[in-house]
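Thanks for coming. Please have a look at the structure first.

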Amino acid sequence: MAESIKQVFDIRPGKGMSDGQSNEHQRNWTERGWEWATRHGNYDRTRERLNFEIVKGGKVVPVDKSKSIGQRMAESLQSRGIKDPNEGLSEPGFRTVANIIFGGSRERMHQLAFGNQRVNFTHGADNSHICRNKDIERWAQDVYRFACEHWGEDNVVGFYVHLDELNPHVHCSVIPMDPRGRISYNKVFGGNKYDSKQRFYFYHDEFAKVNEKWGMKRGTSIALSGAKHRTTEEYRRALSEECTTLEEQVENNRKLLGELLADIRFAEKRVKGLGTMTVNLEEKKKQMIAEMEALAEKLKASRGDSEELRKKISKLDLDLQKVLDNLTDKRGKLEEANRQLSELRQIEEETRERAVEYRRELKAATYDLEHQVRYRLADALLGDILNEFKSLLPALDGEGQNLFDGTLLKDVAERGEDIFKCAIYLFANYVDLATTFAESHGGGGGDNDLPWGRKEDEDDRAWAKRCLIQASRMMKPKGGKNVRRK
């Protein structure tokens, strides 16, 4: 069981912090917002009171909703005299926030958050009797210290612990500040794909040290452990399930957008109707005031029956009061309708952003499925192809055999396992280990003195091919030159 208790650690860049995202972290929703969230998400409002945040000094406090995360970020930068690179831009163009999620396996997180209490996770259940366990606070304080040690306490502008969803977790918002005091996501979390992956592995390892005392382990990355610990069928099934799930999310998202657009159209009509009523009442108010002023002028100048004039003024005054009351009511309803419309549009924007993210993930998962199938086919065929080549080579005449001298095909056929192992070390950027392995297995070749390392724009396929070629050179008999360590 312990082996299955893993930590969760995820980093996503953001070009600032939207009000909608901040509201979600702080649960700063209106009644309508809560209604929408509980209808479409796994939120339990009866457990919302269990949520908390951690502020400077590692203090556990109730969630403060008086300032959004965006406002906190702006104040933090202003107090340090640092300019937000997105300030003044019509559309934010710089990644100024790292959105980090910390958590763990559901069973373990439930133990930390609720202890032995029985929580009813059925949608709509009443969990108002559930209390927060102290362990979740202590774990969160450890995670907060981890974030502060690596990215600076001044740069942690939001640290919220959610216990009102299916799996307790932390949302941590960090300003990526480099050592020079400038906002730079690339410098802190990595610019290119390779660099960011290496940073992520490092932070994952460091976070595992924090979670060790809480009984959670670091998950093993396929990129480091190799893909062969799963069968082809397991890979196909897992990736197919991921694609299916993402397709369902895309479809659900499309339905939600349809519902939202219908709600927005209704809200727009309501705003328009209330706006027209308000304008008409304003006009009526002006006319009545003008009429009352004219009657008062006649009364003052004694032009007409004074008693009749007073009666008309009194009646107009009563009617005007009704108009003013009606106008106040309509203004209030118009203000509320505008607020609801604004909220719906914000939700629509977030839903569209989520749709884009789902499609991007679906595309990546589909590519990964194709990639894994291709990998498995190649893996299944390669050994047979090499063995067949090896058995046929002696049957060729001398001239035919000479054609394959110095080729990668012949090298791999003759000492494939050693070349592959050396290539794996190179792929992981362990040049010293690759060189030691080559030399200890009769190799030591190579034909250049260029520094060895992955290029910024090099994809996995090109990098793997280059590593394989270089490994073949290094496994040649001694006498050649080794790659220089970076």
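Start with valine 161, whose bridge partner in β6 is valine 170. Before I go on, this is a predicted model, in which local features need pLDDT of at least 70, side-chain atom pairs count only at pLDDT 80 or more, and totals for chains, interfaces and linings use all residues. Residues are numbered from 1 along each chain as its sequence is written, and side-chain values use heavy atoms, with hydrogens and water left out.

Back to the strands. Helices (H or I, at least four residues) and strands (E, at least two) are DSSP runs, numbered from the N terminus. Strands pair if DSSP finds at least two bridges between them. Strand β5, residues 156–162, pairs with β6 in the antiparallel sense over 6 bridges. These two strands, β5 and β6, form a hairpin with 6 residues between them. Strand β4, residues 97–104, also pairs with β6 in the antiparallel sense, over 5 bridges. In that part of the sheet, isoleucine 100 has cysteine 172 in β6 as its bridge partner.

A disulfide here is a pair of cysteine sulfur atoms within 2.5 Å, and a search of the whole structure finds 0 of them. Cysteine 172 counts as buried because its relative accessibility is 1%. Cysteine 467 is in no disulfide either, with the nearest cysteine sulfur, in cysteine 422, 9.2 Å away. Its relative accessibility is 0%, so cysteine 467 counts as buried.

Now the core. A nonpolar core is a set of buried Ala, Val, Leu, Ile, Met, Phe, Trp, Tyr and Cys residues joined through side-chain atoms within 4.5 Å. The largest one has 39 residues, and those with the most contacts inside it are Ile100, Phe102, Trp139, Trp151 and Phe159. Helix α5, residues 134–151, supplies the largest share of this core, 9 residues. Contact means heavy atoms within 4.5 Å. Leaving out residues up to four places away in sequence, tryptophan 151 touches Phe9, Ile100, Phe102, Phe146, Val174, Val188, Phe189 and Tyr203. A second, separate core has 15 residues, including Ile419, Leu426, Phe437 and Trp463.

Arginine 145 is also in helix α5. At 43% relative accessibility, arginine 145 counts as partly exposed.

Next, the aromatic rings. Rings of Phe, Tyr and Trp (its six-membered ring) pair if their centres lie within 6.5 Å; planes under 30 degrees apart count as stacked, over 60 as edge-to-face and the rest as tilted. By this rule there are 18 aromatic pairs. One of them is phenylalanine 9 with phenylalanine 207, a tilted pair at 5.6 Å centre to centre and 40° between the planes. That pair links distant parts of the chain, with phenylalanine 9 in strand β1, residues 7–14, and phenylalanine 207 in helix α7, residues 193–211, 198 residues apart. Both phenylalanine 9 and phenylalanine 207 are buried. Ring pairs join them into a cluster whose members include Phe102, Phe146, Trp151 and Tyr185.

For the whole chain, the secondary structure comes to 14 helices and 6 strands. Of its 486 residues, 38% count as buried.

Last, confidence. pLDDT is the predictor's confidence in each residue, from 0 to 100. The chain has a mean pLDDT of 81, and 80% of its residues reach 70 or more. Confidence is highest in strand β2, residues 52–55, at a mean of 98, and lowest in helix α8, residues 222–225, at 38. Residues 220–235 have pLDDT below 50, and this stretch has 21 contacts in the model beyond near neighbours in sequence. Where pLDDT is low, the predicted coordinates should not be read in detail.

Terms used. Buried < 20%, exposed > 50% of the residue type's maximum accessible area, 1.4 Å probe, protein only.
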